[in-house]
Amino acid sequence: MRAPPAGLKRDALLAVCSLAPPLAAGACAWCAQPLPPRRRSWCSDRCGDAFWANHWFSVARSAVKRRDRYTCRRCGARAPKRPSRSGFRSESAYKSAMRVYRVRKRLERLEVNHIVPCAGTHATLSCAHHLDNLETLCPACHKEHTAALRPGAAE
Ligand SMILES: [Zn+2]
Ligand SMILES: [Zn+2]
Ligand SMILES: [Zn+2]
């Protein structure tokens, strides 16, 4: 995972973010509670984590999949489960199950869709990644969704 950029950009975003309270000196930038000693932006790691989970896509993506229980929100498809070694009698049976799993994982990997399109801001700190703007989709539903967005698409 790439390290999120820090500093000014974050504060500029907090100033316009609909989820964040108005910036105030000495207050947590996420929940507005007074900052404990030696804390500078967030009252707790939880608030910092919540900020990143709503603004940095690689963090948001895993948070959304977890929230949606690794299930496509439209058709209910689930990500394939990784076989566990204890479920197999022999090493070779386990190994062949793992081979199948790796192929399925590549083909059926769940994706995370921006409900309001994020317009190329995947790699930037952005309010487009608010968790309520994200949904877990299977590749088929994601493709369908993206095709419907294209100008000139039917429906
Ligand atoms: Zn806080
Ligand atoms: Zn689906
Ligand atoms: Zn925001």
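Biologist: Which residues are the protein donors of the zinc ion (ligand 2)?

Modeller: To read a metal site, one looks for the atoms that hold the ion. In this predicted model, the zinc ion (ligand 2) has Cys 72, Cys 75, Cys 138 and Cys 141 as its protein donors, each through its SG atom, at 2.3 Å. Along the chain these donors are spaced C-x2-C-x62-C-x2-C. The site links distant parts of the chain: Cys 75 is in the loop between helix H3 (57-67) and helix H4 (91-108), while Cys 138 is in the loop between S2 and helix H5 (139-149), 63 residues apart.

Biologist: Are Cys 75 and Cys 138 buried or partly exposed?

Modeller: Buried means under 20% relative accessible area, and exposed means over 50%. Cys 138 has 9% relative accessibility and so counts as buried, whereas Cys 75, at 47%, is partly exposed.

Biologist: Which residues coordinate the zinc ion (ligand 3)?

Modeller: Cys 17 and Cys 127 each provide SG, and His 55 and His 130 each provide NE2, at 2.0 to 2.3 Å from the zinc ion (ligand 3). The 4 donor atoms subtend angles of 103 to 117°, so this arrangement is tetrahedral. The site joins distant parts of the chain, since Cys 17 lies in the loop between helix H1 (8-16) and helix H2 (45-55) and His 130 in the loop between strand S1 (111-114) and strand S2 (134-137), 113 residues apart. Cys 17 is buried at 6% relative accessibility, and His 130 is buried with a relative accessible area of 6%.

Biologist: What spacing do the donors of the zinc ion (ligand 1) follow along the chain?

Modeller: A spacing pattern gives the donor residues in sequence order and the number of residues between them. For the zinc ion (ligand 1) the pattern is C-x2-C-x11-C-x3-C. The donors are the SG atoms of Cys 28, Cys 31, Cys 43 and Cys 47, at 2.3 Å. Their angles of 104 to 115° make the arrangement tetrahedral. Cys 31 is partly exposed, with a relative accessible area of 29%, but Cys 47 is buried, at 10%.

Biologist: At what angle do H2 and H3 pack?

Modeller: Helix packing is described by the angle and the distance between two axes. H2 and H3 pack at about 95°, with their axes 6 Å apart. Angles of 65 to 115 degrees count as roughly perpendicular, so H2 is roughly perpendicular to H3. In this contact, Trp 52, Ala 53 and His 55 of H2 meet Phe 57, Val 59, Ala 60 and Ala 63 of H3. The contact residues comprise 6 nonpolar, 1 polar and no charged.

Biologist: How far apart are Thr 71 and Thr 136 in sequence and in space?

Modeller: Thr 71 and Thr 136 are 65 residues apart in sequence and 6.7 Å apart in space, C-alpha to C-alpha. Thr 71 is found in the loop between H3 and H4 and is buried, with a relative accessible area of 15%. Setting aside residues up to four places away in sequence, Thr 71 touches Gly 76, Ala 77, Arg 78, Leu 110 and Thr 136.

Methods: Residues numbered from 1 in each chain as written. Chains lettered and ligands numbered in written order. Predicted model: local features only at pLDDT ≥ 70, side-chain atom pairs only at ≥ 80, totals over all residues. Heavy atoms only, no water. Donors = N, O, S within 2.8 Å, 3.2 Å for Na, K, Ca; no water. Tetrahedral: all angles 85-135°; square planar, octahedral: opposite > 155°, others 65-115°. Helix = DSSP H or I, 4+ residues; strand = E, 2+ residues; numbered from the N terminus. Buried < 20%, exposed > 50% of the residue type's maximum accessible area, 1.4 Å probe, protein only. Axes fitted to C-alpha atoms, helices over the stretch in contact; angles between N-to-C directions. Parallel < 35°, antiparallel > 145°, perpendicular 65-115°, else oblique. Contact = heavy atoms within 4.5 Å. Nonpolar A, V, L, I, M, F, W, Y, C, P; charged D, E, K, R; others polar.
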